[in-house]
Amino acid sequence: MGELVEIVDSLENKVSKLLHKLELLHQSNTKLKDELNLAKEENQLKQNVVLEWEEKYNSLKMANTMLGSNTNKTEAKLKINTLIRELDVCIAKLAD
């Protein structure tokens with residue numbers, strides 16, 4: 001009978017250790033999830049900044065073209081033609 005009690009005590013100790021490890025893993029998992037969410041938010045903010053800078057760059061490039069820069073005249077002409085076509089489509093829709 002004493003041997004059975006020892007086995008039960010041993011099992012209780014092992015289960016207690018496993019439950020403790022499980023709790024530690026849950027805490028670690030929660031911490032990692034929080035860090036991941038924070039990293040995702042930071043990544044999104046940085047992507048927004050990059051998009052803003054790309055828009056500013058494109059605007060500056062277009063302004064330089066309009067001011068007579070020879071590097072992007074063809075691109076500016078194409079952009080102007082596209083804008084004119086879009087305006088024509090809008091006017092045609094309004095006329096209907």
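A residue is called buried when its relative accessible area is under 20%, exposed when that area is over 50%, and partly exposed in between, using a 1.4 Å probe and protein chains only. The model is a predicted one, in which local features need pLDDT of at least 70, side-chain atom pairs count only at pLDDT 80 or more, and totals for chains, interfaces and linings use all residues. Residues are numbered from 1 along each chain as its sequence is written, and side-chain values use heavy atoms, with hydrogens and water left out.

**View 1. H26 is a partly exposed residue of helix α1.** H26 has a relative accessibility of 46%, and therefore counts as partly exposed. This histidine lies in helix α1, where helices are DSSP runs of H or I with at least four residues, strands are runs of E with at least two, and both are numbered from the N terminus. Between H26 and A92 there are 66 residues in sequence and 63 Å in space, taken from C-alpha to C-alpha.

**View 2. V15 also has its place in helix α1.** Helix α1 covers residues 2-66, and V15 is found within it. The relative accessible area of V15 is 46%, which makes this residue partly exposed. V15 and A39 are separated by 24 residues in sequence, while their C-alpha atoms are 36 Å apart in space.

**View 3. L83 belongs to helix α2.** Helix α2 is formed by residues 73-95 and contains L83. With a relative accessible area of 41%, L83 is partly exposed. L83 and L51 stand 32 residues apart in sequence, and from C-alpha to C-alpha they are 22 Å apart in space.

**View 4. K56 lies over the face of W53.** The distance of K56 from the ring centre of W53 is 4.7 Å; a charge sits over a ring if NZ of Lys or CZ of Arg is within 6 Å of the ring centre and within 35 degrees of the ring normal.

**View 5. The protein chain as a setting for the close-ups.** The chain has two helices and zero strands, and its C-alpha trace spans about 100 × 40 × 15 Å along the principal axes. Its radius of gyration is 33 Å, whereas a compact globule of 96 residues would have a value near 12 Å; this radius is taken over C-alpha atoms, and the globule rule is 2.2 Å times the number of residues to the power 0.38. Of the 96 residues, 3% count as buried.
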